[in-house]
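Work through the exercises below with the model in view. Each task is followed by a solution in steps.

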Amino acid sequence: MTDSFEAKGKRKKLVDELRKKGISDEEVLRAINAVPRHIFMDPAFLNHAYVDKAFPITSGQTISQPYTVAVQTSLLRVKKRDKVLEVGTGSGYQAAILAEMGVKVYTIERFRDLYIKAQRTLTSLGYSADFFYGDGYEGKEQYGPYDGILITAAAPEVPDTLLQQLKTGGRLVVPLGKSDFQVMTVVTRTGQDSFEYSSHGTFVFVPMLKGIVNE
Ligand code: SAH
């Protein structure tokens, strides 16, 4: 399935909607306008692809709501060629948004199937990113330290291993909390052992779980 005039029109409307909801980072809006979200979903759901809602994908997971992707990406404050580690590849949509922005993306997924599918999808769209099948709680130390770390699953607490893989001045964005809702939290590394926290509204994510799943 390819992009279409219809999908392009719907994306433009989605971007207008996100602007009204308070998203003002032009680079993020440009990326959302450019990346064909419907390619990350089952082709049967084209009508749902540009509605500002999360949507089920396989393995019982979800593709995040566009608004949520826009908030998380804006909070990262990345620029071209920054290195970002994403935990929770899922459909690969968020990784594609970052790649579209010129970011060097490293992304980890604990479900083997999703890891394979997302890699295929991004490649077919011509985006490059480094994909890993593994447990995001461990991060990817060998490619760090990172300018940004983005966790796209609900974490009960900020994983210390990931904080240690941030550059000084780097930002980690994480929905923090138990299953009912989470507080979007930015942790900025201000020094070797110093971190600053800020909160940015409540969201609902699928949980960040330990270990890998071979399906
Ligand atoms: N960023 C995704 C949203 C994915 S939903 C997108 O754009 O579509 C969250 C994903 O995090 C799920 O696919 C889930 O399997 C994954 N996940 C949860 N815990 C994880 C962990 N410890 N390591 C890696 N991935 C994890």
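**Exercise 1.** Find how the axes of H2 and helix H5 (residues 93-100) cross, and which residues make the contact.

Solution. Step 1: the axes of H2 and H5 come within 9 Å and cross at roughly 120°; axes are lines fitted to C-alpha atoms, for helices over the stretch in contact, and angles run from 0 to 180 degrees between N-to-C directions. Helices here are DSSP runs (H or I, at least four residues) and strands likewise (E, at least two), numbered from the N terminus. Step 2: that angle makes H2 oblique to H5 (under 35 degrees is roughly parallel, over 145 roughly antiparallel, 65 to 115 roughly perpendicular, the rest oblique). Step 3: on the H2 side the contact uses Arg30, Ala31, Ile32 and Ala34, and on the H5 side Tyr93, Ile97 and Glu100; contact means heavy atoms within 4.5 Å. Step 4: sorted by class, this contact has five nonpolar, no polar and two charged residues (Ala, Val, Leu, Ile, Met, Phe, Trp, Tyr, Cys and Pro count as nonpolar, Asp, Glu, Lys and Arg as charged, the others, Gly among them, as polar).

The model is predicted: local features need pLDDT of at least 70, side-chain atom pairs count only at pLDDT 80 or more, and totals for chains, interfaces and linings use all residues. Residues are numbered from 1 along each chain as its sequence is written, and side-chain values use heavy atoms, with hydrogens and water left out.

**Exercise 2.** Describe the packing of helix H1 (residues 5-20) and helix H2 (residues 26-34).

Solution. Step 1: the axes of H1 and H2 are 8 Å apart, at an angle of about 155°. Step 2: H1 is therefore roughly antiparallel to H2. Step 3: from H1, Arg11, Lys12, Leu14, Val15, Leu18 and Arg19 meet Glu26, Leu29, Ile32, Asn33 and Ala34 of H2. Step 4: the classes in this contact are six nonpolar, one polar and four charged residues.

**Exercise 3.** Is Leu150 buried or exposed, and which residues does Leu150 touch?

Solution. Step 1: locate Leu150 in strand E6 (residues 146-151). Step 2: its relative accessible area is 0%, so Leu150 is buried (buried means under 20%, exposed over 50%, partly exposed in between, with a 1.4 Å probe and protein chains only). Step 3: leaving out residues up to four places away in sequence, Leu150 touches Gln72, Leu76, Leu85, Glu86, Val87, Gln94, Leu98 and Val173.

**Exercise 4.** Give the count of helices and strands, and the buried share.

Solution. Step 1: the protein has seven helices and nine strands. Step 2: of its 215 residues, 52% count as buried.
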